[in-house]
Amino acid sequence: MSSVTATTTAPDPTGSAGVPASSRPRLDWRLRFAALSLIWGFSFLLIKVGTQGYAPFQVTLGRLAFGTAVLAVAMAVRREGLPRGARTWMHLAVAGFLLNALPFSLFAFAELTIPSTLAGICNATSPLWGMALSLVALREDRPTRVRVAGLGLGFLGVLTVLGAWQGFHGLDARGTTLALLASLSYPVGWIYVRRTLAGSSASHLSLTGGQLLLATVQLAVVTPLFTSAPSSLALGPLLAIAALGTLGTGLAVLIQYGIVAEVGPTTGQMVTYFVPVIAAAAGILLLGETLTWSTPIGAAVVLAGAALTQVKPKRRG
């Protein structure tokens, strides 16, 4: 995942204006919402398959390259250029690192040792991290009893997923930590974007295209330094990386923009709560992964807490 809505608790790589009504797709938004949930839910399975043939940095580089190519085509069709201004590009470089290069790489490394189902559930903690950080970094996000209760409930769910009562027995600490850090990286990036790019005159598509381009450049520099070229091209993992980039990183962004423009960010961000369910189902049915009883129960608690953190305080008067 790299973008969901223009909020502090769901991914948004640009954080400002929506898509013009004239450019909205004709396909019903509910169908697009379902497609977006499926695409992002299956992303964790595709990461797992990709890492079976290629190094994590190579998986991330391929993902970003394919995703950038999709946005480049969309920009060409809509006749939009890249953003201008050195300051904007500097902020986009930071955003590309926090929202794309870093979390994508962390998830890829995490899935070397943890199931894709657990990675998907860890991703669902992003709204919790976002809520906690926004209370500190954004003055307009004032805490309420309901939102603080949701925060506490959500992290209780995390402890349930990790099996805290049994001393985290059988848990791969390194992989799980990397997945949780990836989930934390998203809200850090969203808050940065909200503070630096929210007032930009460039369009969402233009900003995101520049952001993904810079993230791709970052991985293109890092990957040769820490990996060696694969001895052979594994077709299955390569196709998984291509699907991950074109669908999960490119097409999904375009679908998301249309949904947010049509029904608003509050409804658009609900996709966050379907992703771990689909990720778990895909991992179990297609990869043969297994779950203990605490994982789905803890995941449900995490999602309930995340939902409570989205409850906005009522305006007086």
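Reader: Which helix gives the most to the lining of the largest cavity?

Author: In this predicted model, the largest cavity has a volume of about 40 Å³, and its lining is made up of Ile121, Cys122, Thr125, Val158, Val161, Leu162, Leu180 and Val302. Two helices, H4 (116-123) and H6 (145-162), each supply at least two residues of that lining. With 3 residues, the helix that gives the most is H6.

Reader: How many polar residues does the lining of the largest cavity have?

Author: Among the residues that line the largest cavity are Ile121, Thr125 and Leu180. Sorted by class, the lining has no charged residues and 7 nonpolar ones, and the number of polar residues is 1.

Reader: Which helices does the salt bridge between Glu262 and Arg32 tie together?

Author: The side chains of Glu262 and Arg32 meet in a salt bridge at 2.5 Å, N to O, one of 2 salt bridges that a search of the whole structure finds. The partners are 230 residues apart in sequence, and because Glu262 lies within residues 235-263 and Arg32 within residues 29-51, the helices tied together are H9 and H1.

Reader: How many residues apart are Phe57 and Phe226, which form an aromatic pair?

Author: A search of the whole structure finds 7 aromatic pairs. Phe57 and Phe226 form a tilted one, at 6.0 Å centre to centre and with 45° between the planes. This pair links distant parts of the chain, with Phe57 in helix H2 (residues 56-78) and Phe226 in helix H8 (residues 204-226), and the separation is 169 residues.

Reader: Is Phe226 buried or exposed?

Author: Phe57, the other ring of the pair, is buried, with a relative accessible area of 17%. Phe226 has a relative accessibility of 62% and therefore counts as exposed.

Reader: What kind of pair do the rings of Trp129 and Phe155 form?

Author: The centres of these two rings, Trp129 and Phe155, lie 5.1 Å apart. Because their planes stand at 70°, the pair is edge-to-face.

Technical notes. Residues numbered from 1 in each chain as written. Predicted model: local features only at pLDDT ≥ 70, side-chain atom pairs only at ≥ 80, totals over all residues. Heavy atoms only, no water. Salt bridge = Lys/Arg side-chain N within 4 Å of Asp/Glu carboxyl O. Helix = DSSP H or I, 4+ residues; strand = E, 2+ residues; numbered from the N terminus. 1 Å grid on protein atoms, 1.4 Å probe; cavity = no way out; pocket = protein on both sides within 12 Å on 5 of 7 lines; lining within 4 Å. Points joined across faces, edges and corners; volume = space filled by probe spheres on them. Nonpolar A, V, L, I, M, F, W, Y, C, P; charged D, E, K, R; others polar. Phe/Tyr/Trp six-rings, centres within 6.5 Å; stacked < 30°, edge-to-face > 60°. Buried < 20%, exposed > 50% of the residue type's maximum accessible area, 1.4 Å probe, protein only.
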